[in-house]
Number of protein chains: 2
Amino acid sequence: MLDRFDPRLDGAFDPLDRERLIGRLSQLLPPDRLIVSTESMRPYESDGLAAYRSLPVAVALPVDADEAAVVLKVCRELNVPVVARGAGTGLSGGALPFPGSVLLALGKLNKILAIDPVARTARVQPGVRNLAISEAVKPYGLFYAPDPSSQLACSIGGNVAENAGGVHCLKYGLTVHNILKLEALTIEGERLTIGSDALDTPGFDLMALLTGSEGLLAVVTEITVRLLPLPADVQALLVAFPDAGCAAQAVADIIAAGITPGGLEMMDELALTAAEKFAHAGYPLDAAAILICECDGAASDAKAELAHVAEICRAAGASEVRHAKDEVERLLLWAGRKGAFPAMGRIAPDYYCIDGTIPRRRLPEVLARIGELSREYGLAVANVFHAGDGNLHPLILYDASADGELDRAEGLGGAILELCVAVGGTITGEHGVGREKINQMCVQFSTAELEAFAAIKAAFDPAGLLNPGKAVPTLARCAEFGAMHVHGGAVAHPELPRF
Amino acid sequence: MLDRFDPRLDGAFDPLDRERLIGRLSQLLPPDRLIVSTESMRPYESDGLAAYRSLPVAVALPVDADEAAVVLKVCRELNVPVVARGAGTGLSGGALPFPGSVLLALGKLNKILAIDPVARTARVQPGVRNLAISEAVKPYGLFYAPDPSSQLACSIGGNVAENAGGVHCLKYGLTVHNILKLEALTIEGERLTIGSDALDTPGFDLMALLTGSEGLLAVVTEITVRLLPLPADVQALLVAFPDAGCAAQAVADIIAAGITPGGLEMMDELALTAAEKFAHAGYPLDAAAILICECDGAASDAKAELAHVAEICRAAGASEVRHAKDEVERLLLWAGRKGAFPAMGRIAPDYYCIDGTIPRRRLPEVLARIGELSREYGLAVANVFHAGDGNLHPLILYDASADGELDRAEGLGGAILELCVAVGGTITGEHGVGREKINQMCVQFSTAELEAFAAIKAAFDPAGLLNPGKAVPTLARCAEFGAMHVHGGAVAHPELPRF
């Protein structure tokens, strides 16, 4: 699959002197922090987007920022690309090794360095797991809000690189809204401290710039996260609808009524049926769509808010409104939602998870159009997503062993993303651009905007060594992609990149 | 005062051909959109930091983005600096004209273009006044949260340039947290669309990068702001303390208890006494410090939260806790706070408003140290500030006509800012760096960090034409400042820039 990784980058790097690179790294790192054998590097050849695989020259496993700086300096000196990797749970190939690169795996930087319950902050290394932060600060009545579905496994450094979201980002914001300060290394191995313990910081907002930059600008070695008080009460509601359009309308109505739920998730018939069979969450199998709505806050407040949500849903045509009567029922509702992705494995050999965002008000029409596209391409699509913030996750079901189905799935995925852009949304919600959506960036942005991205990339990393071929396309790539596109003749649904 | 504006920038721009510049602009702009006479340009020679004054070559008043682009293109072609200006209420000299520059005044771009109550957004031009947005969306039960004290006069474009805050930013965030999308012009006059109507956006976070960049990277011509539902209830509390340290401790305790008030403001004895005489807000004149705490949300919630705050304040040693019994009393409490700055005019001929942030937990010791510094420098300091987010506004009282007092005031201001940095805070909370604090940036940031700033500046504006001499110091400036500093002999309180 990776026979031609990114020919537009050919010549950007010196011919690889493998022996010299490994020799230098072996001198500087203890043996247990450097992997060079093909078999030992296998676990690192892909991230959560496992269809794309490639081996690096070496995997470096630094234990602290100084060792990471050493690796970067060597790579800079020898003009060798570097790909930083967190827990490898990313879904867009952001941590996919570049051929001839060093993979800088940050999993050994896994300490919680300090918890300050008064300032409501924690200082952590990038390899700390997302959920481990909330577990560590729970005794102080605090939690770390962003909660990607992979929170048990994913690391906070990867969350920063991808600006991760999750069920609760509707109310509590994305990663960028929940961090205060970063320590990062430039490709020169120089240490930057950006952001501050205080609310605001002078100078350009490098913290926001680095957050979500997918390892293209610097390597984060320490993160100060903002913590929130655990809500006094959490209440959840399951609402069934006889029609997916009504459910989508209810979402728009809830937000328009001035309610910001802690979470507001939607599943369509295909998704809820599969999830129910998998997790036995008690979902109504006769519904065309369900919403799960969670409200938190003071006890009286959460209950009142949820009652208002129930009322709005009934007005929008809900066939059933069920209040989780206790914590067991509430967690069961979520177990079904969280099991929706693995549940797909029971109804189709393969699925392709799309991640795009749209303005919430466009939900009903976009869902209808996805249904049409599904019929056009002859592939089923299950919808399970963060409805409240307009972050779609259509799951395209296909059989990779059937001739042409992967092509059709990729074509359908591209069409859905383009639909997101057409209604004023974006080609990625929380999974990043990575390798997967690099061509769609050419659709999303104008030449002037891509030039601004390229100039920022060059400002941090003039030699283009940090995670090449990801996140931000070269203008040459877009020109070629555009040309291919015109060549193809028809209107516009860019194919996903094929390597 | 401006005899030597920034000699480090000498030679950066071509010798000014005034006639040619004015000739070109006159060809391209109608006469009512170009001011070139000295007397007519007087209103533009300073912003809210009126001690610094300088005249531009011309003031351009475009009515739309296309006209603004024309001005930028001419300046780029002739290598003439450009300073963008909003309402001119900024307090750090960010809109101070650079000698030989064109001042690009955006006040005529003052239309609210669209309000979308379902998406809870408004699309506005940069010259729209901050408060005008909340007024326009009030019929929909919405408001725009950031509320700088100047909100009646300041414009949203200036708010974006400075990443403005205000009383409510503790709960609702700064400008960057309340905007979704920007249209901006590069120095080449090219239009960029950054951010999106959806929650997240792919590529580098240029929206956050531009927000707070003080006109150094691009000129914002359109802003999509996020709107919030008006809270059902707002309750306020006045708390008096016999000691400022106890009040500061109460602030830390309130936040540590998991409460995030809508506003949490502190005034010390000098400030509250002056404010009371000015606004007759009913402040207790025997208190050493007062807190004003506002809670909002559902009615039951706001009341319960405020009761909890009252309890914490009593435990911290409050001598009086007074609940505003109705909206009239609540607004009166705020009238005193909002009148605190003008009230200073009654007790001292001049005041110098400092703006720095510190981690909240350091409040008691920082206030004590400011008291010591005040005695050392022989100048009274009134403290009135956003305590909840650690954003200090010490007001240094002095008499500019008394020999050496301005020098002492500036020295004391520098010492206070350095204290902020020393405890882990920053040299600016919400007023920006501008012209005023350019030297303190050398204290706040390392060479590697300043190099990163410079590289980003060069990525957007390689010729350095946009607002030169502001916000981000050149390395040459820091080297000279550092040298001066060593030359002076003693330890470290950088002087404020003297021109």
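Reply: What follows goes through the chain interface, then a residue beside it, then the domain contact.

This is a predicted model, in which local features need pLDDT of at least 70, side-chain atom pairs count only at pLDDT 80 or more, and totals for chains, interfaces and linings use all residues. Residues are numbered from 1 along each chain as its sequence is written, chains are lettered from A and ligands numbered from 1 in the order in which they are written, and side-chain values use heavy atoms, with hydrogens and water left out.

Between the chains, 67 residues of chain B are in contact with 66 residues of chain A (contact means heavy atoms within 4.5 Å). The two chains bury about 5,200 Å² between them, and 64% of this is on carbon and sulfur atoms. Buried area here is the accessible area (1.4 Å probe) that two parts lose on being put together, summed over both. On the chain B side, Asp200(B), Pro202(B) and Phe204(B) lose the most area to chain A, together 15% of what that side buries.

Across this interface there are 2 salt bridges, a salt bridge being a side-chain nitrogen of Lys or Arg within 4 Å of a carboxyl oxygen of Asp or Glu. One salt bridge joins the side chains of Arg361(B) and Asp116(A), at 2.3 Å, N to O. Chain B and chain A also have 9 residue pairs in polar contact, both at pLDDT 80 or more. A polar contact is a pair of N or O atoms within 3.5 Å; within protein, one must be able to donate a hydrogen and the other to accept it, and residues adjacent in sequence count only if both atoms are side-chain atoms.

The elements of chain B that give two or more residues to this side include β9 (191-195), α8 (244-256) and α16 (447-460). Helices (H or I, at least four residues) and strands (E, at least two) are DSSP runs, numbered from the N terminus. The largest share comes from α16(B), with 10 residues.

On chain A, Leu192(A) lies in strand β9 (residues 191-195). Leu192(A) is buried, with a relative accessible area of 1% (buried means under 20%, exposed over 50%, partly exposed in between, with a 1.4 Å probe and protein chains only). Not counting residues up to four places away in sequence, Leu192(A) touches residues of both chains, among them Phe460(A), Ala448(B) and Glu449(B).

Within chain A, the domain assignment gives domain 1 (1-230) and domain 2 (233-342); such bounds come from an automatic or database domain assignment. Their C-alpha centres lie 35 Å apart, and the contact takes 6 residues from domain 1 and 11 residues from domain 2. The area buried between these domains is about 750 Å², of which carbon and sulfur atoms give 54%. Val167(A), Leu170(A) and Lys171(A) supply 68% of the area that domain 1 buries against domain 2, more than any other three residues.

The count between the two domains is 1 salt bridge. Lys171(A) also meets Asp296(A) in a salt bridge between their side chains, at 2.5 Å, N to O.
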